[in-house]
Amino acid sequence: MHNFKQMQIWIKSMELVKDVYQLTESFPGLEKFGLISQMQRAAVSVPANIAEGSAKSSNKDFCRFLEISTGSLFELETLIVLSANLNYLDFQTSEEIQFKINEIEKMIYGFKQKLN
């Protein structure tokens, strides 16, 4: 069992959640139950699955939850690109958040390698 609160992948993904919530504040109200909700759920899924997986008794089980977190990151990245294409985000902001997403993806991949 791992202490998820001390894991860099959890800490960084919690920061990403905060970033996504702040980003979506400027989105049009018509996206409240669409893109905003989907982006926030995808972002929250990342640290939530890391935390849940950390309680599993085997590394194999933990890796499965890390895979779910990675899938949520890919989903979020897609939604960021879509938001930029709809002009809800400017290019620089989109690039900055995608960089953070990619950084967490790499960290999770590296951590999974250690577990295996």
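**Exercise 1. Is E67 buried, partly exposed or exposed, and at what relative accessibility?**

Solution. The model is predicted, so that local features need pLDDT of at least 70 and side-chain atom pairs count only at pLDDT 80 or more, while totals for chains, interfaces and linings use all residues. Residues are numbered from 1 along each chain as its sequence is written, and side-chain values use heavy atoms, with hydrogens and water left out.

Step 1. The classes are set by relative accessible area: buried is under 20%, exposed is over 50%, and partly exposed lies in between, computed with a 1.4 Å probe on protein chains only.

Step 2. E67 has a relative accessibility of 38%, and therefore counts as partly exposed.

**Exercise 2. Find the salt-bridge partners of E67, and state which residues are joined into one network.**

Solution. Step 1. A salt bridge requires a side-chain nitrogen of Lys or Arg within 4 Å of a carboxyl oxygen of Asp or Glu; by this rule the model contains 3 salt bridges.

Step 1. One partner of E67 is R64, with the closest N and O atoms 3.5 Å apart. The two residues are 3 residues apart in helix α3 (residues 59-85), which means that about one helical turn separates them. Helices here are DSSP runs of H or I with at least four residues, strands being runs of E with at least two, and both are numbered from the N terminus. R64 is partly exposed, its relative accessible area being 48%.

Step 2. Another partner is K112, for which the closest N and O atoms are 3.6 Å from each other. This pair links distant parts of the chain, since E67 belongs to helix α3 and K112 to helix α4, 45 residues apart. K112 is buried, at a relative accessible area of 17%.

Step 3. Through shared partners, the salt bridges join R64, E67 and K112 into one network.

**Exercise 3. Describe the salt bridge between D19 and K100, including the accessibility of each residue.**

Solution. Step 1. The side chains of D19 and K100 meet at 2.7 Å, N to O. Distant parts of the chain are linked by this pair, D19 lying in helix α1 (residues 8-24) and K100 in helix α4 (residues 91-115), 81 residues apart.

Step 1. D19 counts as buried at 18% relative accessibility, whereas K100, at 36%, counts as partly exposed.

**Exercise 4. Locate S54 and identify the backbone oxygen that lies 2.6 Å from a polar atom of its side chain.**

Solution. Step 1. S54 lies in helix α2 and is buried, with a relative accessible area of 2%.

Step 1. The backbone oxygen belongs to A51.

Terms used:
Polar contact = N/O pair within 3.5 Å; in protein donor to acceptor, adjacent residues only side chain to side chain.
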